[in-house]
Amino acid sequence: MNVLRRHPRDREIAALAIPALATLAIDPLVSIVDTAWVGRLGTEPLAALAVASAVFAAAFSILGFVHLTVTPLVAGDVGRGDLPRAGAVAKGALVISAAIGVVVAAAAWVVADPLAVAISSSEPVAVEAASYLRVRFLSLPAMLLTMVGHGVYRGHSDTRTPLRVAVGLNVINLVLDPVLIFGLELGVTGAAWATVVAQGVAAVWFLHLLLVKDRERLGTHGRVRSVGSLPIAGILAAGWPLMIRSTALLAAITASTLVAAQIGTVEVAAHQIALQVWLFLSFVLDSFAVAAQPMVGTDLGRGDIDAARDIARRLLHLGFATGVALSLLLAASAPFVAGIFSADSAVSAELSRIYGFVVVLQPLTALVYVYDGIGIGASAFRFLAVSMVIAATATVAMLWLFGDDLVGVWSAVTVLTVSRLLSFAVWN
């Protein structure tokens with residue numbers, strides 16, 4: 001098997017992918033920990049968290065396109081030896097993200113109540129979801145700045161620094177969750193405040209690293225004469241297809257949660273657990289995609305197309321093998337998953353009906369994520385946007401036709417994954 005053969009760049013892959021693996025495994029723990037703690041409050045709070053998390057994830061995905069754009073742009077500049085340009089891109093991305101985050105966080109206070117009412121299955125769920133949303137959106141500016149930090153360091157082929165920040169963020173959230181949810185009796189809102197504090201600390205940490213500690217290495221030293229001197233227009237021009245891509249992807253995932261919420265409170269709670277487990281492992285698989293972005297981007301920046309193609313093939317082989325291993329691990333852990341997140345037997349029963357989808361999807365998801373990282377590294381932004389819109393359309397159609405129970409909902413999630421994989425196969 002090709003995956004068992006040693007590759008000349010395996011050491012480079014490991015240096016990027018292993019810290020990225022740890023970071024990507026840790027990052028979703030904010031939602032995983034929130035889900036585990038809130039699940040102890042009961043089914044309605046868990047349902048409220050599911051609805052609110054879906055809304056926030058959709059907004060963050062749409063608005064977080066900047067950090068995806070930054071990695072290949074910075075990597076390409078590094079490959080061409082243009083460090084000042086890479087630094088200017090980093091600064092421009094920080095300005096864009098801060099501006100977007102503040103505006104949207106302010107708007108969220110106005111729309112939280114009607115939005116929660118529109119998509120919740122009951123009034124108690126809507127009240128708690130709106131409360132969570134208003135507080136959680138306060139963390140948006142910090143989250144966007146933090147993700148730009150991730151993107152810049154990845155562009156410089158450094159995944160160790162983001163790992164340290166991610167560990168710190170999640171330790172803070174882990175400690176604050178039980179204190180605020182149960183100790184101060186803030187309930188679901190306490191989980192949101194824990195995230196606000198944790199993300200704020202992470203954003204300040206990254207700003208110090210980018211603009212003070214590592215400024216010489218990253219090319220971010222020197223004063224900015226004016227905002228107009230930064231390549232903001234170029235970042236936005238490159239990034240808008242990724243915004244469309246992210247919007248389409250999260251629209252499909254959010255639609256699955258909204259359809260599950262309309263089925264019933266028990267069903268959306270089970271869906272939330274399955275979705276969080278799937279996304280958690282998907283982000284683990286995304287470590288190879290994170291490695292692909294700077295490696296492919298830097299190779300192409302140097303004009304070495306053959307090297308970029310070779311490393312892309314290697315990463316696909318490694319990703320698929322990891323996906324198979326995760327499927328086996330999930331199958332073995334099936335008897336224990338439901339009990340970790342909910343004590344409700346009805347939720348456990350619904351989860352057992354859809355858990356097989358989570359198991360089977362892992363190898364396919366691995367290939368999709370690695371292909372996505374290759375596409376971002378190659379700056380194939382328009383292709384990524386078009387292919388995602390097609391896949392999301394197919395998913396929504398599947399939900400409309402068969403979304404009357406959770407099996408139909410997860411059949412639609414399968415369609416999303418397979419559609420994306422087929423489009424990448426054609427592109428390749």
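In the predicted model, helix 4 (residues 65-79) and helix 11 (residues 232-263) pack with their axes 8 Å apart and at an angle of about 125 degrees. On the side of helix 4, the contact is formed by Phe 65, Val 66, Leu 68, Thr 69 and Leu 73, which meet Ile 235, Leu 236, Ala 238, Gly 239, Leu 242, Met 243, Arg 245 and Ser 246 of helix 11. Divided by class, the residues of this contact between helix 4 and helix 11 comprise nine nonpolar, three polar and one charged.

Helix 11 also packs against helix 16, here at an angle of about 175 degrees and with the two axes 9 Å apart. Since angles over 145 degrees count as roughly antiparallel, helix 11 and helix 16 are therefore roughly antiparallel to each other. In this contact, Leu 249, Ala 252, Ile 253, Ser 256, Val 259, Ala 260 and Ile 263 of helix 11 meet Leu 406, Val 409, Val 413, Leu 416 and Arg 420 of helix 16. The contact of helix 11 with helix 16 contains 10 nonpolar residues, together with one polar and one charged residue.

A further partner of helix 16 (residues 406-427) is helix 12 (residues 265-301), and the axes of this pair come within 11 Å and cross at roughly 25 degrees. Because angles under 35 degrees count as roughly parallel, helix 12 and helix 16 are described as roughly parallel to each other. Helix 12 passes helix 16 in a right-handed crossing, and the contact involves Glu 267, Ala 270, His 271, Ala 274, Leu 275 and Trp 278 of helix 12 with Leu 406, Val 409, Trp 410, Val 413 and Thr 417 of helix 16. By class, eight nonpolar, two polar and one charged residues make up the contact of helix 12 with helix 16.

Helix 14 (residues 345-377), which has 33 residues, reaches 45 Å from its first C-alpha to its last, a span close to the 48 Å expected at 1.5 Å a residue. Within helix 14, a kink of about 45 degrees lies at Gln 362, shortly before the proline Pro 363. Just after helix 14, Ser 379 takes a positive phi of about 60 degrees.

How values were computed:
Residues are numbered from 1 along each chain as its sequence is written. This is a predicted model: local features need pLDDT of at least 70, side-chain atom pairs count only at pLDDT 80 or more; totals for chains, interfaces and linings use all residues. Side-chain values use heavy atoms; hydrogens and water are left out. Axes are lines fitted to C-alpha atoms, for helices over the stretch in contact, and angles run from 0 to 180 degrees between N-to-C directions. Helices (H or I, at least four residues) and strands (E, at least two) are DSSP runs, numbered from the N terminus. Contact means heavy atoms within 4.5 Å. Ala, Val, Leu, Ile, Met, Phe, Trp, Tyr, Cys and Pro count as nonpolar, Asp, Glu, Lys and Arg as charged, and the others, Gly among them, as polar. The expected span of a helix is 1.5 Å times one less than its number of residues. The bend at a residue is the angle between axes fitted to the seven residues ending there and the seven starting there. Angles under 35 degrees count as roughly parallel, over 145 as roughly antiparallel, 65 to 115 as roughly perpendicular and the rest as oblique. A crossing is left-handed if the near helix is turned anticlockwise from the far one by less than a right angle, and right-handed if clockwise.
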